[in-house]
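Take a look at the model below. This report walks through a strand pairing, a helix pair and an annotated stretch.

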Amino acid sequence: GTWQNDEGATKCDACPRGSFCPRGASAPLPCKEGSHSSATNLQSAARCVPTDPGSFAPTGSTVQTACAAGTIAPMQSMSKCEQCSVGTWQNDEGATKCAGCPRGSFCPRGTVVPLSCEGGSFSNKTNLASATQCTVAAPGHFSQTASVEQRRCRPDTYNPDSGQSSDVACVSCSRNSTTNGRDGQTSISACICIPEFFEQNMSSKWDTGKIDCRPCIDVHETSTIAMTNCSAAGATLNRLPLLSGNWRQSASSRIVRACDDQSVCVGGDEPGDASCATGHSGPLCDLCKREPLYYGGRGNECKPCSEAGDPTMTIAVAISGTVSAFVMIVALGMFFKRRALRVLTDMVQVAASTSNKKTSVEAVEIAFAEECRTQATSKDMRLGRLLELAGRLGVKARILISLAQVLSQVATTYDITFPELYNDVLSTMGRVSVPIKFLPFGCIVPTLDNFMFDLVLQTATPLLLMLVLELINKVLKARNRRHSAGKPAGLIVADLLADINFFIGFIVYPSVSTAIFMFFMEETFDGPGEDGLTVMRYDRSIETASSLYTAFVPYALVMLVVYPIGLPLQYALLLFRNRDELRELRHMEMTIEAEFALAKLDAEAADGEEQVAEMMRKAEDAHDQRRAKYAALRAKLPTVLKKLTAGYELRCYWFEIFECGRKIALVCLPVFFSPGSSGQLILGLVICFLTSCMYCTFSPYENPADDVLASMAQLSIFFSLVASIVTNAYPDDPVMSTLLPLFLAVPISLMVHFEVKLLDKMKELTQPDDEGNVPHIGRAILYVRNMATKTIDVRNMATKTIDES
């Protein structure tokens, strides 16, 4: 326990602390590492105290030292502390073990406090040794410092980069765009437009970082009509979903157009022909496909030629049917005209037998009066009454036909969208004009399935037919002049052909004139994203710059002179050549009415009821006799002139020319305005107003009921144009869907009201004569009535059977 290192020493020194001194030690020996001693005079190493766990002692230590944070002494006799291994840590002194590194952190060797994974990385594992073992946050995510997991970017945002440390890195989608509820999106492509919006430019977002979302209504041709189905998010310009009845030219078009025939446009998100019904193609699905071959189109349904049977036979049957109908009309016309001639001859003979001193005109006058007193046969009386009724109904029918001709063209000319029921009615009325597009010419020669061929058929066919009928008329009249004892049948046929000629001109004039004006209507597809193609409005397969269109311009100009200008001009020349007779008749007409009015005033001023009644009877008899004379003189006018002035008072003998101008002004002139434009509509309303003023001012018809009927027909046209303001915006408006058919029914109802005696007269025609025979016309009426009754009975029985089932 002592030591000394000097020679000649007399005593030993005490062994110091931290050392031990064996016997004879010349120097203190330190306690070994891992042991210590705070006492002196230790005699051996065994007397050094080993260190406790958690502490260490280097060589010669007097005390043990606790391990620092980040180190441990797991056992006794540790000469030094061990650092915590990688992935572990401890922050206490005198520790004997290290704890595992928690999630979201990493621990290098000797870690006192776990080091957090940096922002933009995370870890859900323990015992990480370094930062490189933290997982980098993926795109579409972010992670804050010490995160144990990455967090997804919220909906309507996206993050294209990895290693982001906060939600600030999540970029919000542009205005009116969304991720549709999806979170954790990694690209701007995840942002789609919200419902009722579409993405206009899909490529620009990569450059600008913004989604170009536009309201779907911006591409509607009419902003108040639903044309697209953008109810789901994600609509894009190249796949813009269309509602049925609408069309878009291409994937880049930024305008959706309403189809003329909504049934041929099926909609969907594919533009062009892919949105057309089977067999249809082209702009607004208005044309027919060529492979396989279809015919029709241009406002009509495209029908497969394979289902048309033999097209040559179909056309032949249609032509033969038309010829047969024409022959039947001629035969019936001859029958009735011969009977009418016989009635007139009989009446003249009766009149002549009553007064040999009367002139032939006076004989006719008396014949009319005597006929009214039943001096003719019962069959002739029936026919006479029938002819009288037909004359009255013919004027009213002409007014209603004119209404049908105009209204059937209004929707097309003014580009009006009417309610479905009213459209169907107008389509039915349009059949007053002879349709030709239903024949499958395109199945025989596909190149003929176009507007040019239809124009030639519509214009040349009636023109040739009228020329042939006029030629036959002239020949028959010439033969009659050469043969003084010529057959009456020749004159009857000539007169009948003149009637048919006038009727053909009356029927085809509006439709043919409209077709000619349609030739000059063009339509340009120059909306946003369209190719600027300019085509014919009524045949979109023909470009106005094409050689075909240019070649037909002279023909269209000639037909413009022949029909819209030529027919009224022909009427005007005819009236001019016969102006003296017309003026004389006009003077007679006005004199008759004036004298009758004066006679009635004189009668009303007479004394006593019997004298008043006698004078009124004489005034009425004199008026009837003068009217009979007037009618006889008017009957001597040329046939065409009689038809031209039929129903009109002769003070307005020119009114049929005004009618031609009215039809041209209403359905032809507006084609030079933009279809559906406010200017076009205003023009139509002004024309309606002015023509209504003409009707009210002149009251041109002999029968006041006809004036009322014509005015109501004008009101129907005016209301249809006014209603377009509502129906173009709201085609299914319930009020207009009800009012329009009602207004159309008013003229027809008035006709029935004015001719309510028609039913009684028809019933009279079905009664047997004195010999018990029912006339042919009566048998026909009874047959039609029986057939109608049977049809109604069958329908009622079928309805009852269905209800019971």
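Glutamate 199 has threonine 236 in strand 25 as its bridge partner. This is a predicted model, where local features need pLDDT of at least 70, side-chain atom pairs count only at pLDDT 80 or more, and totals for chains, interfaces and linings use all residues. Residues are numbered from 1 along each chain as its sequence is written, and side-chain values use heavy atoms, without hydrogens and water.

Strand 23 and strand 25 pair in the parallel sense over 2 bridges. Strands (E, at least two residues) and helices (H or I, at least four) are DSSP runs, numbered from the N terminus. Two strands pair if DSSP finds at least two bridges between them. The open sheet has 3 strands in the order 24-23-25, with mixed pairing. Strand 24 and strand 25 are the edge strands, each pairing on one side only.

| Element | Residues |
|---|---|
| Strand 23 | residues 197–199 |
| Strand 24 | residues 213–215 |
| Strand 25 | residues 235–236 |

Now the helices. The axes of helix 10 (residues 579–604) and helix 11 (residues 609–635) come within 9 Å and cross at roughly 175°. Helix 10 is therefore roughly antiparallel to helix 11 (an angle over 145 degrees). Axes are lines fitted to C-alpha atoms over the stretch in contact, and angles run from 0 to 180 degrees between N-to-C directions.

Last, an unreviewed UniProt entry annotates residues 76–105 as "domain: Tyrosine-protein kinase ephrin type A/B receptor-like". Such annotations may be inferred rather than shown by experiment. Residues 76–105 are 0% helix and 23% strand, with end C-alpha atoms 31 Å apart.

Notes. Angles under 35 degrees count as roughly parallel, over 145 as roughly antiparallel, 65 to 115 as roughly perpendicular and the rest as oblique.
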